[in-house]
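Here is a short tour of one protein model. Keep the sequence and the 3D view open as you read.

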Amino acid sequence: MGGVTSSMAAKLAFFPPNPPSYKLVADEMTGLLLLSTFPHRENVEILKLPTRKGTEVVAMYIRHPMANSTLLYSHGNAADLGQMYELFVELSIHLRVNLMGYDYSGYGQSSGKPSEQHTYADIEAVYKCLEEGYGAKQEDIILYGQSVGSGPTLDLAARLPHLRAVVLHSPILSGLRVMYPVKKSYWFDIYKNIDKIQLVDCPVLVIHGTADEVVDCSHGKQHWELSKEKYEPLWLKGGNHCDLEHHPEYIRHLKKFVSTVEKPPSQRYTGSRRRSTDQQLLPPRKSTDIVFEASRKSTDRREKPRHSTDKALPPTDVNKLLLKSNSNNLSEKLEKLKNQSNYAEKLMVSFDQVERSRRSVDCCLEKSRKSVDHQLERGRKSVDRIRTG
């Protein structure tokens, strides 16, 4: 049954370029493998890697001298290394990363036939090469999956808890969901990314075009919603399925993401993710909010300069306004001090009145006490006279 499913999925999901866009040739001087359509580069290596499924996949490794991360790129459905070569070189340069790209079994000059299970074995072989052949650590690796490549990317990411990050470029929720809006996963479906994205523990960046006619943008949005550690997504307005890298925002946002995830976890997300979440939750501001914000005092250092079409006041008028404002402020302060002084005086008068009242009461009590003592003394003397008589 699994073989039937795999065969059916292959017919629906995989479209390797035919013929391949390149051939493998050996350099006459060094004997190193080259892609036939590209000259030798000192920092580019072409490899053939065996997989646990018995196939050999062709991979290319691009070394960057300043790299702190390694990008493992799984390309889209109808592409091979010959078509991706220039983009891979550009990404390595702009992002300052080492980059490993590869062709799935049955793509380019990789042997075998394409299938879901083969792609899982393919990416495992490439990842193993990065660890054992180039000394890359899991903590320094960023997995990048484009379209169908999101399948092997998420399958591997769900099993690696210490990855640096994951990038999902026009990802699919599953093979069947590309064609039909099904609500649950079926046994015959392939690349059930919707179930695996929730198992990824590292930061996830989602990039998707809003005008994608192959994989609807809702696939990307649901991936972002289901991610544990969300990064500010990039929804490219008007972007289609195969042209996102041509948008200027693409490389800018990707550079920002790589720079962020290369920082220690405690220094990440100084606002990017929070802004993204706020944009999802907060309603659009009303026009009155904009007016109120514009009228804030210029002493707020965080306020950006206002672009106004109002005519600027002459310097003399400005000085007059400043003098008037300062005069008004001084008058207000003097008035406050005066009021405070009056209040203090009234308070002192009240205290004097209380003190005088207290003294008057004390005096009366003293007189009453002396009168009582005098009367008691007279009574005692009278009693004593009677006793002696």
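Start with helix H5, which covers residues 175-179 and includes Met179. This is a predicted model. Is Met179 buried, exposed or partly exposed? Its relative accessibility is 45%. Buried means under 20% and exposed means over 50%, so a value in between counts as partly exposed. Met179 therefore counts as partly exposed.

## The largest pocket

How much volume does the largest pocket have? The value is about 570 Å³. The pocket is lined by 31 residues, and those closest to its centre are Ala13, Asn77, Ser147, Val148 and Val214.

Helix H5 comes up again here. At least two residues of the lining come from H5, and at least two each from helix H1 (2-13) and helix H2 (81-95).

## A covered helix

Now turn to helix H4, residues 150-157. This helix is mostly covered, with eight of its eight residues buried. Among them are Ser150, Pro152, Leu154 and Ala157.

## A loop glycine

Gly106 sits in a loop. Strand E6 (98-102) and helix H3 (116-134) lie on either side of that loop. Which residues does Gly106 contact, leaving aside neighbours within four places in sequence? They are Pro16, Ser111, Gly112, Lys113 and Pro114.

Now compare Gly106 with Glu56. The two are 50 residues apart in sequence. In space, their C-alpha atoms are 9.4 Å apart.

Methods:
Residues are numbered from 1 along each chain as its sequence is written. This is a predicted model: local features need pLDDT of at least 70, side-chain atom pairs count only at pLDDT 80 or more; totals for chains, interfaces and linings use all residues. Side-chain values use heavy atoms; hydrogens and water are left out. Helices (H or I, at least four residues) and strands (E, at least two) are DSSP runs, numbered from the N terminus. Buried means under 20% relative accessible area, exposed over 50%, partly exposed in between (1.4 Å probe, protein chains only). Contact means heavy atoms within 4.5 Å. On a 1 Å grid over the protein atoms alone, a cavity is a set of points where a 1.4 Å probe fits but cannot get out, and a pocket is an open set with protein on both sides within 12 Å along at least five of seven lines; lining residues have an atom within 4 Å of a point. Grid points are joined across faces, edges and corners, and a volume is the space filled by probe spheres set on the points.
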